[in-house]
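Student: I would like to learn how to read strands, crossovers, helices and ring pairs in a model. Please take them in turn.

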Amino acid sequence: MKIMHIVTLVTPDGSLGGPLRVAVNLMKESAQAGHQVLLAAGAQGWGKDLPEDYDGVPTRLFPAYSLLPGSGFAGLSSPALLTWLKKTAASADVIHIHMARDLTTLPAALIAQASGRPTVIHTHGMIDASDKLLAKPLDSLLTRRALSQAQQLIALSEQEKQDLLALGAEIDPARISLLPNGVPASQLQAKPGRKDPVEVLFLARLQERKRPASFIRMAQQLAQEFPQARFTLVGPDEGQGKLVLELLAQNSAEGRIRWEGSLPASQTLARMAQAQIYVLPAIAEPYGMTVVEAMSVGLPVVVLDDCGLAGQVKASGSGLVVSGQELGSLTQAVRLLLSDSAARVRMGQAAQAFVEDQCTMGQVGQNLERIYQKAIA
């Protein structure tokens, strides 16, 4: 099969985060199965020469512009991408759209559907009930049409499936398949039992919902109790960079709390393997691709109870689940892990076992193949 994947944006530091990493992982697995794959997306940050390969997959990238300043990814559009798609969509056997409420993937989905090619829409928890200003007009004009016309839809969880059905689009529940995020096999191995120094890592976009400021405030408290511990943020600025720098200027625990900036997606697993604890204090994280990646290298994780992976983390013993958004609860969870190296080792081993049992790319790839076959049937 010729399989085209469409995402909103590709940048040198992978600022789109999980949806882009998921797309790349799925494409590599499909390519290993003998399919021809292509990633199409808007692009920023590359200069004049746009790459034809991103992290090992072939790409067609086009300049992306913000039509609505201050709206983040939602306001991005790539007219050249949409024009190219009108001409080439018919050449694909399946078009897999990693769709959000934005001005790139929503029109791309409708263009792909107008071409008559089977479409698979993968929403990554990004389309749910929303009170944002753009949500209602976009849903009325674009989102419901795209969802109702897709041959297959992919949700991360049963909750996301119900969210999609609640949007009012004409969707047969049988067309929605559940597909967890997978991670490629890796030889990288963290050492969570190391005692001095212990590094607590936040690796995600510096976006308000991810709560990097809460991570820093937690670190500022614990740095006093654990004078050898280090607390590190890694990720691109998505609106919280100024606040992060202000908090660090007030108290960085003599440099033990720091923001390293962003990393290319190809280097994130290696960076995670250097740490001993992974913390993602994000609100309503649909699944948490970085959480799975951290677990895959043997890190114990700390997430909130409204994270899509919270149930699995708790049931598997892979880390700690924090109830609510109170800073004290987050601080206590990390304090427990900093104080107990044996617990870190035990949870890290459980995390790897969970990933090997439920999140391998082989398993995900087989399920994706079945979804594609349903789409073209």
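Student: In β16, which residue is the bridge partner of Val 302?

Tutor: Leu 320 is the bridge partner of Val 302. Strands, of at least two residues (E), and helices, of at least four (H or I), are DSSP runs numbered from the N terminus; two strands pair if DSSP finds at least two bridges between them. β15 and β16 (residues 319–322) pair in the parallel sense over four bridges. This is a predicted model, in which local features need pLDDT of at least 70 and side-chain atom pairs count only at pLDDT 80 or more, while totals for chains, interfaces and linings use all residues. Residues are numbered from 1 along each chain as its sequence is written, and side-chain values use heavy atoms, with hydrogens and water left out.

Student: Which way do the side chains of β15 point, and are they buried or exposed?

Tutor: In a regular strand the side chains alternate between the two faces of the sheet. Here Val 301 and Val 303 point one way from β15 (residues 301–304), Val 302 and Leu 304 point the other way, and all are buried (under 20% relative accessible area with a 1.4 Å probe, protein chains only).

Student: What hand does the β-α-β unit of β14, α9 and β15 have?

Tutor: A crossover is right-handed if, with the strands pointing away from the viewer, the path from the first strand over the helix to the second runs clockwise. The unit made by β14, α9 (residues 289–296) and β15 is right-handed.

Student: How far apart are the end C-alpha atoms of α12?

Tutor: The expected span of a helix is 1.5 Å times one less than its number of residues. For the 18 residues of α12 (residues 341–358) that gives 26 Å, and the end C-alpha atoms are 26 Å apart, which agrees. Buried residues of α12 include Met 347, Ala 351 and Phe 354.

Student: How many aromatic pairs does the structure hold?

Tutor: Two. Rings of Phe, Tyr and Trp (its six-membered ring) pair if their centres lie within 6.5 Å; planes under 30 degrees apart count as stacked, over 60 as edge-to-face and the rest as tilted. The rings of Phe 62 and Trp 84 have centres 5.4 Å apart and planes at 40 degrees, so this pair is tilted. Both residues, Phe 62 and Trp 84, are buried. Phe 202 and Phe 215 have ring centres 5.6 Å apart and planes at 50 degrees, so that pair is tilted.

Note on methods
Buried < 20%, exposed > 50% of the residue type's maximum accessible area, 1.4 Å probe, protein only.
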